[in-house]
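This report is written for a reader who is new to protein structures. Please keep the sequence and the model in view while reading the sections below.

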Amino acid sequence: MRAAESWLLFTVLTMMFTLTTALIVNASPANSWVTIITNNTSFGYGYSITSYNGLAYIYYTGQAPSGVSIIKGLAFNGTAEMKAPLPAFNDLGEASPLLVELDNGSLMMIWAGVPATHSNLAIANKTANATSISELMTLLSNLTILLQASVLHGNTWGPVVNLTTSGDAMSYASDGEYVYLVYEPKLTLTYNNTILEELTPSDRVVKALSIPGIIGITSAWNGLVVAHFLNGTQALVNMNNGSATQIPLTLMMGFTGNGLTYYFNTNSKILTIINGSRVVANLKLPSPWYNHAYPLQWGSGFVIIAWGQFQFL
């Protein structure tokens, strides 16, 4: 989740991509089959999908008629689509939702919100008249982006709370116990002063590591964070000791429910799901143009989210 860039993209242009979702039922080395749920579904930059209480929820970054980024939501009961409830957002704009099932079983949404401060209001007014990227970047350097959250109660989201109170939330992930945040005291998009924090869902900072050059985190589990860097590399960062283990660029690595590890090989298009040292599923995706994929647990199998074929509308 790269919140600052999501805000910037929706300030400068509307970027959309094609998402294809494949449902894998009874995914195992010996028994699996694939059903395509939806093709050519365009979502804005920054989205999250999870299964909860028998429904599949999709929240994504969209665009208001004014051009400001907002969060929208869909829910699926099987293949039946409906509108998903939304938190009572109280900011100038919001982006990059992240759905997290907490250890107590509740569903929490985390997102990047731009609060309606005097400074942010002034920036919003000035960006509408910006005539160059450099001018826009100068204005955005004074922007405040907070990490905000809400918990779902039945079919209604609870009050919006601030997990941070200053600076800029750049990227985040969660394992249900902690929230992992890439934070900049002042927005630069040069990533020279990035800090990787471990927070409780109630906003208490447990650990903070200064890691210049980190631009995003895509997954986390039990103190291990999959991080991406400005130089194009990726690594598994251990919050306990600060060590970083390089991940091959041809692999997408992450964690899914109950600490399962997954790897998606972007060359072979094979998605491997591992429980400890045991391979739970080893699946070759049915289309050659997928360039990203990750699994979500669903009953005794998995929903595989796969996407590619970027397009600009």
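## An exposed loop residue

Asn53 has a relative accessible area of 66% and is therefore classed as exposed, since the cut-off for that class is over 50%. The residue is found in the loop that links strand E3 (47-52) to E4. Although Asn53 is not a glycine, its phi is positive, at about 55°. Most residues other than glycine have a negative phi.

The structure under discussion is a predicted model, and every value in this report is computed from that model.

## A buried loop residue

Where does Tyr191 lie in the chain? Tyr191 is placed in the loop between strand E13 (179-184) and strand E14 (195-199). Tyr191 is another residue other than glycine with a positive phi, here near 60°. Is Tyr191 buried or exposed? Its relative accessible area is 3%, so Tyr191 is buried, the limit being under 20%.

## The protein as a whole

The protein contains three helices and 25 strands. It has 313 residues, and buried residues make up 51% of them. Its accessible surface amounts to about 13,900 Å², and carbon and sulfur atoms contribute 54% of that area.

Contacts can also be sorted by the separation of their residues along the sequence. Among the contacts in the protein with a separation of 6 or more, 47% are between residues 24 or more positions apart.

## An open sheet of four strands

Four strands, in the order E16-E17-E18-E19, form an open sheet with antiparallel pairing. E16 and strand E19 (244-247) are the edge strands, as each of them pairs on one side only. On average, and with direction ignored, neighbouring strands of this sheet are turned by 30° against each other.

Strand E16 (residues 214-221) and strand E17 (residues 224-229) run antiparallel and are joined by six bridges. One of the pairs involves Ile214, whose bridge partner in E17 is Phe229. The hairpin of E16 and E17 has two residues between the strands, and Asn222 in this hairpin takes a positive phi near 55°.

## The next hairpin in the sheet

How many bridges pair E17 with strand E18 (residues 234-238)? There are five, and the pairing is in the antiparallel sense.

## A salt bridge

Side chains of opposite charge can pair when their charged atoms come close. A search of the whole structure finds one salt bridge. Its partners are Lys207 and Glu198, and their closest N and O atoms are 3.8 Å apart.

What is the accessibility class of Lys207? Lys207 has a relative accessibility of 28% and so counts as partly exposed. Glu198, with a relative accessible area of 3%, is buried.

Thr61 belongs to strand E4 (residues 55-63). Because its relative accessibility is 0%, Thr61 counts as buried. A polar atom of the Thr61 side chain lies 2.9 Å from the backbone nitrogen of Ser96.

Definitions and conventions: Residues numbered from 1 in each chain as written. Predicted model: local features only at pLDDT ≥ 70, side-chain atom pairs only at ≥ 80, totals over all residues. Heavy atoms only, no water. Buried < 20%, exposed > 50% of the residue type's maximum accessible area, 1.4 Å probe, protein only. Polar contact = N/O pair within 3.5 Å; in protein donor to acceptor, adjacent residues only side chain to side chain. Contact = heavy atoms within 4.5 Å. Areas by Shrake-Rupley, 256 points an atom, 1.4 Å probe, with all protein chains shown as cover. Pairing = 2+ DSSP bridges. Salt bridge = Lys/Arg side-chain N within 4 Å of Asp/Glu carboxyl O. Axes fitted to C-alpha atoms, helices over the stretch in contact; angles between N-to-C directions.
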